[in-house]
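Please walk me through this structure.

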Number of protein chains: 2
Amino acid sequence: MHIVIMAGGSGTRFWPVSRELRPKQFLNIIGDKPMVVATYERIRSLVADERILLVVGEQHRKETERLFADRAVRVLAEPKGRNTAPCIGLAAKYIDRLGEKGPIIILPADHHIGDSEVFRKALLQATRIAADGGIVTLGIVPTRPETGYGYIRRYSQPEADGTYRVLKFVEKPNLETARDYLLNGDYYWNAGIFVATPQALLEEFEERMPQFARGLEQLQPSFDRPEFETKLATLYDSTEGISFDYAIMEKATRPVYVVPCDCGWSDVGSWFSLYEVRIFDQQDGLGNVTEGSTLQIDCRESFLVSRGKRVLTALGLTNILVVDTDDAILVADLKRSQEVKKIVDSLKESGSIDLL
Amino acid sequence: MHIVIMAGGSGTRFWPVSRELRPKQFLNIIGDKPMVVATYERIRSLVADERILLVVGEQHRKETERLFADRAVRVLAEPKGRNTAPCIGLAAKYIDRLGEKGPIIILPADHHIGDSEVFRKALLQATRIAADGGIVTLGIVPTRPETGYGYIRRYSQPEADGTYRVLKFVEKPNLETARDYLLNGDYYWNAGIFVATPQALLEEFEERMPQFARGLEQLQPSFDRPEFETKLATLYDSTEGISFDYAIMEKATRPVYVVPCDCGWSDVGSWFSLYEVRIFDQQDGLGNVTEGSTLQIDCRESFLVSRGKRVLTALGLTNILVVDTDDAILVADLKRSQEVKKIVDSLKESGSIDLL
C-alpha cells in the first residue's frame, strides 16, 4: 500500500495570511503545524515513510524537503498546477514503477479531520475494497445543507461489507437541493479522497485521458534521471488542468464505491470554514475565535486573527472577520469571507504584486 | 480684543490615533493640519498674533512653540488639566494684566467649523455685546436631536440687536427631550465658546470661585517671572477641576446672552462624529470615508483609516470603523465608536502602557 498526499494547490482563500508562494497547506492555520505536516502525521501509522509520496508544486519542493528532512517520505514536484487529474496520474505512474500492486490512498494535504481514528478506519476499509480493482471514495456524512461542496449519491442498498456503490457524482447544489440531499440520506460530501490500485488508475487514464496516459508511458524511463524535470514540464505544458472527479470518477468504467465516513471533516476552504473548525476548540460563549494579541469588547461570532506585531482591538462587532499581518489587513463580513478572492484580484489589478 | 484658544484637553476618544501625549487638538484628523493650527488660522484675521493666547498642557508646550514658531502668538502652559474654569480664569488674569479692557473670545482648539465666515461674524457680534459687560456664548443652531451635547435655552423674545438673553443652560437630554428641543426652536447647542471682558470674567470668578480668584490675585506679580511655574502648580494643586459652564455660566450674576450661529459646527467628539464631518467632503455614493492606503469592496457607511504602513482591505462591511496605526488596530461598530474609552481602559488594566 502507498499513500499520496497532494500538496500542489495554490490559493489565496486565506489572504492575507496565505500568499501565492505560501498556500494553505504550508500554513499552520489550525494548530501549530503546517497542514501538510498534520496530514502526514494523521496517516503515518498506516504505512512506512518511504511508501508516502508528497506531490508538491516545484516552488515548494525545498520547503517540503525542509519540513520532512527527518522523514524518509518521497517528494515529487509538479512543474505547474494542473488540477488533480494529472497529479493523480503522475503519482500512480510513479508508484506503479516501484512495483506496487496494492492500493494507493490519495489525500489532499489541506483538509481538517476532527476524528483521525474514524478517518483511518474508513481509509483501511476503502483499501480492502480497492484491492479487488474498484475505485473507492470516502463519502463524508453531511451535517448541514452545505452548498459549497460537491456530493456523491450512493445506491440505497449497501454491499455485503456495508459500503455502497456510487450512483453518481453531483455538482454543488443550491440551498433547497442541499436540504433535500441532507434529508434523503443517500448523499455524501465529496472530499476528494480516493483509493485504488495503480493498475486500476492507469487503465482509467488510458480510457479517459489517452494522450496524457501515453505521455506518462513515455516519461517512465526518465523517472529519477536528470532529464525528468524537462520531460515532465513538456508533458504538463501539453496537458489541460482538470479535476480527477470530472475527468475520471464521473465516467469510470470499473465499479466505483463509497465508504461512509463521519470524521469531522472540513475542506477548510475559507476563513468562515476555518472559524467553524476552530470554534469547537475555542468557545467563549459568544462565538468568538481569537488568535494572537487581541482585545475584544462586546463582540459576537467574530474571528479575530492577529499575526502581525500589533495589538488588534475590537468593539461591538458581530459576524466580522479581522486578519492582521505585517503588510496587510483584511476586515470582512465573516459570512462573505469566501469572496476574499475579489480583494486579491483587485490588488493584482492595481499592481500590488508584493501583497499577492 | 484678545482671543484665547484652549488647547489643554487630553483624551483618548480617537484612540489608536490619539494617545495620552497626542490628544485630538494636536492631530490632523481633518485636513492636513493639527486642529489647534486650523483653529488659529480660522480666527487670525480678527486680531494681531500677539493678541492670541494659546493655553496648553505643560507636556505640549514645546510642540506648540514648534507649531507656532513663525507666529507672535503667546503660549501659556497649565501644569495639569483642571477642566475649563481654571483655564479661563487664568487666561483672563493674564490678559487683564496686559491692560486689555475689551472682550476676550474664548475658543476650544479641537472643534470643526464648516463655515468660517459665518463663525467669525457671530464672534464679532458677540464681542459688541460683551463690550457692555455681559457674558456672551455662541448658540449653535441644532440640526438633529443630538443627545451628546449640552443645550442653551434662550428667552423667546430677541433683544434689539437680534441676539437673545439666556434663560438657562441644560444638560445633555435623552432622545425624546432632544426632539422637543429641536422642534421648540428656543434651544441651541452649547459649543463652549464664550466672549466677555477680563473684568467681567474676573468679577464672576470672585463671586463663584473666590478661593481660586484670590490665588490668581496672588499669582499676578509672578507672571513672566521664574517662580511663575511653581506658583501656578501650587494654585492648580489646590483647585478642583470644573467646567466654566457649571462653575460660572449657569450661575452668572451679570446678564448672559446667546448669539445664534449656524456655521457647520461639530465638537468632533468621536470617530463617528469625525465620520459625519468628513462624509461631506468625501462621498462615494455608498457613505464610505477612507484615508490612507485602503481597498474596499461592497462596503457601506464605513470609515476606513490607514495610518500605518499596511494596506487596509475591507469586504462587505456595513457601519464599521477600522483604524490602523503602527502599533494598534481598532475595529468597531461605527455607531459605538464613542465607547473606545472601554478599549483604552482595558489596555490600561492589562498594563499595555505603551499603547496609551
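A:Asn319 counts as partly exposed because it has 17 C-beta neighbours inside 10 Å. For this class, C-beta atoms are placed from the backbone; 20 or more others within 10 Å make a residue buried, 12 or fewer make it exposed, and anything in between is partly exposed. A:Asn319 is not a glycine, yet its phi is positive, at about 60°. Its place is the loop between strand 15 and strand 16 (320-324) of chain A. Strands here are DSSP runs of E with at least two residues, helices are runs of H or I with at least four, and both are numbered from the N terminus.

This is a predicted model, in which local features need pLDDT of at least 70 and side-chain atom pairs count only at pLDDT 80 or more, while totals for chains, interfaces and linings use all residues. Residues are numbered from 1 along each chain as its sequence is written, and chains are lettered from A and ligands numbered from 1 in the order in which they are written.

B:Asn319 lies in the loop between strand 15 and strand 16 of chain B. Its phi is near 60°, positive in a residue other than glycine. B:Asn319 counts as partly exposed because 17 C-beta neighbours fall inside 10 Å.

How do the two copies relate? The same surface serves both copies, since 100% of the contact residues of chain B recur in chain A.

Now look at the interface itself. 29 residues of chain B are in contact with 29 residues of chain A. Contact means that the C-beta atoms of two residues, placed from the backbone, lie within 7 Å. On the side of chain B that touches chain A, at least two residues each come from strand 13 (294-297), strand 15 (311-315), strand 16 (320-324), strand 17 (328-333) and helix 11 (340-349) of chain B. Strand 17 of chain B gives the largest share, six residues. By type, this side of chain B holds 18 nonpolar, four polar and seven charged residues. Here Ala, Val, Leu, Ile, Met, Phe, Trp, Tyr, Cys and Pro count as nonpolar, Asp, Glu, Lys and Arg as charged, and the others, Gly among them, as polar.

Strand 17 (residues 328-333) of chain A runs parallel to strand 15 of chain B, joined by five bridges. Pairing requires at least two bridges found by DSSP between the strands. One such bridge links A:Ala332 to B:Leu315 in strand 15 of chain B.

Six strands form it in the order 13(A)-15(A)-17(B)-16(B)-14(B)-12(B), with mixed pairing. Its edge strands are strand 13 (294-297) of chain A and strand 12 (289-291) of chain B, each pairing on one side only. Within chain B, strand 12 and strand 14 (residues 303-306) pair in the parallel sense over three bridges. There, B:Glu291 has B:Val305 in strand 14 as its bridge partner. Helix 11 of chain B lies across strand 13 and strand 15 (311-315) of chain A, together with strand 17 of chain B, and runs at about 135° to strand 13 of chain A. Axes are lines fitted to C-alpha atoms, for helices over the stretch in contact, and angles run from 0 to 180 degrees between N-to-C directions.

What lies in the core? The largest nonpolar core has 142 residues, and A:Ile5, A:Ala91, A:Val331 and B:Val331 have the most contacts inside it. Such a core is a set of buried Ala, Val, Leu, Ile, Met, Phe, Trp, Tyr and Cys residues joined through C-beta atoms within 7 Å. Beyond its neighbours within four places in sequence, A:Val331 is in contact with residues including A:Ile320, B:Ala314 and B:Val331.

Last, a backbone detail. The peptide bond from A:Trp15 to A:Pro16 is cis, with omega near 5°. A:Pro16 sits in the loop between strand 1 (2-7) and helix 1 (35-43) of chain A. In chain B, the bond from B:Trp15 to B:Pro16 is cis, again with omega near 5°.
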